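Hi,

Here is the structure I promised to pass on. Have a look at it first, and then read my notes below.

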Amino acid sequence: MSSLISDAFANPRFQLLATAVLSGATVASLILGYQALEREERLTELKKSIPSLVEEDHEIKKLNSFGGSVDKEDARNQALARRAQAGDFDEELILEQLARNRVFLKPEGLQKLRESFVIVVGCGGVGSHCVASLARSGVSKIRLIDFDQVTLSSLNRHAVATLADVGIPKVHCLQRRLIAIAPWVKFDLQQEKFDGNVAARMLGPWEGDGRAPDYIVDAIDNIETKVELLKFCYTHNLPVISAMGAGCKSDPTRIIVGDIGSSRDDGLSRATRSRLKLLGITSGIPVVYSTEQAGEGKAELLPLAEEEFAKGTVGDLGVMPNFRVRILPVLGTMPAIFGLTAANHVILSITGYPIDYVPAKGRAKMYESILNFIQGSEERLARAQEPGIVGLKTPLTLGDVAFLTEELYHARSIVTGIPTKLALVRWRKPDGLSFNTLGEGKDVQKWSTVRLRDLVCLTKEEAARHEKEIFKAGKAHGEVYDQETLDRVESKLAEAAKYEAFR
């Protein structure tokens, strides 16, 4: 064996190959060393160009845009951000900072992200984590919308807020901290409450170049404004993802992205979905929600205790003086996961990366079938009153059907709880005509008087029996159903009457 090794070393070809390998390794080491040294020099030059922390006091004490004093660290970060946003920042250093994203998304994908404009509405626990991730990932233009301020109770879930930020607007807090991480990101701060009256302005193009938003993130925790935002985006074909409720949730494995029409087991999601369905929006909006269900020992929202009222004035650092609200039980980790999930969806969507979420079961065909059943039932009822009637219209939409079936009756028969072959049918036979008439001759229009508060959810077999016994035979409901069923129905009909105001 030793003679073979000796012969190999003595062989001129082997010696030449070994020399080449060693030379190549030496050259590679020199190149890598030079590149590392060059990168280090660029980074050193950048750091040297940042204003010193020992600059003159009169510069440090000047007020910022929200009325607070600018400390030394803020002054340095703001100076660097002004340079970076003016284009005076080493492109190679930016690419180095975004290197992991660049490898994952490919250069063309990262470029799309760097050219994008994203709006985040709501900058609390969910929104702050979303914004922080978008800024770190390469989004160059971000508009922040929130009227609120950082409070002490915000610190258990806010992405970047510190004790020093308590009392300042959330939008300024985010900009203040994130320009220290990604100084080239341009922020448009809108410290204002979002509602339908300002939607067109707040969700409009970027002022600098007129670019329409590539994506909008809804991180609002108020139902009314949440619905207004989603309706505006849906109507104007603006890409949007909505974060549902993280309160009272603790299981991160249950957080998913799905369509607004399929989200379940979440109070905020259910309320938002109900209002949207009454506005005719039954699908087409992606949402982040949790399928976790309430259970024994788990946190839940309870009324504010009397001893809390007895404590007197609260909220010295709150948004509005004397404005008392219930404190929603929130585990600090859960809003972060909701926000990061929303940011992840935005990044994938903008860059064109494949999205393969597990699809939820579609319900559109079921809603169409139920709407057709209502149409047929109303026509049968009208013909019993006026034989030969044709062209009867029904003033209900797929959204109405979806709301009644899913939200009010939870996709089950009110009588037996059976969840298959469902139908909606009038509970009571009308005292007078079941339809109205407008016009005469060829211009006549006839339409059903049926309302949401008139309909109950049954199986098709139960609905056929109901029509036969209640409408045709004229029996009283007490002859056909037990008292427990009658009480359940009356409760649901009263609830439907309240929701009609939101149609």
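Before the sheet makes sense, one convention: two strands pair if DSSP finds at least two bridges between them. Helices (H or I, at least four residues) and strands (E, at least two) are DSSP runs, numbered from the N terminus. Please keep in mind that this is a predicted model, where local features need pLDDT of at least 70 and side-chain atom pairs count only at pLDDT 80 or more, while totals for chains, interfaces and linings use all residues. Residues are numbered from 1 along each chain as its sequence is written, and side-chain values use heavy atoms, with hydrogens and water left out.

The sheet

Strand β6 and strand β7 (residues 286-290) run antiparallel and are joined by five bridges. Within that pair, Ile-256 has Tyr-289 of β7 as its bridge partner. Both strands belong to an open sheet of seven strands with mixed pairing, in the order β3-β2-β1-β4-β5-β7-β6. Its edge strands are β3 and β6, each of which pairs on one side only. On average, neighbouring strands here are turned by 20 degrees against each other, direction ignored; axes are lines fitted to C-alpha atoms, for helices over the stretch in contact, and angles run from 0 to 180 degrees between N-to-C directions.

Now to β3. Strand β2 (residues 141-145) runs parallel to strand β3 (residues 186-190), and five bridges join them. Ile-145 stands opposite Gln-190 in β3. To get from β2 to β3, the chain passes through helix α8 (residues 170-178) in a right-handed β-α-β crossover. Right-handed says that, with the strands pointing away from the viewer, the path from the first strand over the helix to the second runs clockwise.

How do α14 and α15 cross? The axes of helix α14 (residues 364-385) and helix α15 (residues 398-408) come within 9 Å, at roughly 100 degrees. That makes α14 roughly perpendicular to α15 (65 to 115 degrees; under 35 is roughly parallel, over 145 roughly antiparallel, and the rest oblique). Contact means heavy atoms within 4.5 Å. On the α14 side the contact includes Met-366, Tyr-367 and Ile-370, and on the α15 side Leu-398, Val-401 and Ala-402 are among the residues involved.

Lys-277 sits in helix α11 (residues 267-278). Is this lysine buried or exposed? Lys-277 is buried, at a relative accessible area of 1% (buried means under 20%, exposed over 50%, partly exposed in between, with a 1.4 Å probe and protein chains only). Leaving aside neighbours within four places in sequence, the contacts of Lys-277 include Tyr-367, Asp-400, Ala-402, Glu-406 and Glu-407. Tyr-367, Ala-402 and Glu-406 also take part in the contact between α14 and α15.

Leu-152, in the loop between β2 and α8, is exposed, with a relative accessible area of 55%. Not counting residues up to four places away in sequence, Leu-152 touches Leu-163 and Val-166.

Finally, look at two backbone angles. Cys-248 is not a glycine, yet its phi is positive, about 65 degrees; Cys-248 lies in the loop between β5 (240-243) and β6 (255-259) and is partly exposed at 22% relative accessibility. Ala-411, not a glycine either, has a positive phi of about 55 degrees. Ala-411 is in the loop between α15 and β8 (422-426) and is buried, with a relative accessible area of 9%.

Cheers
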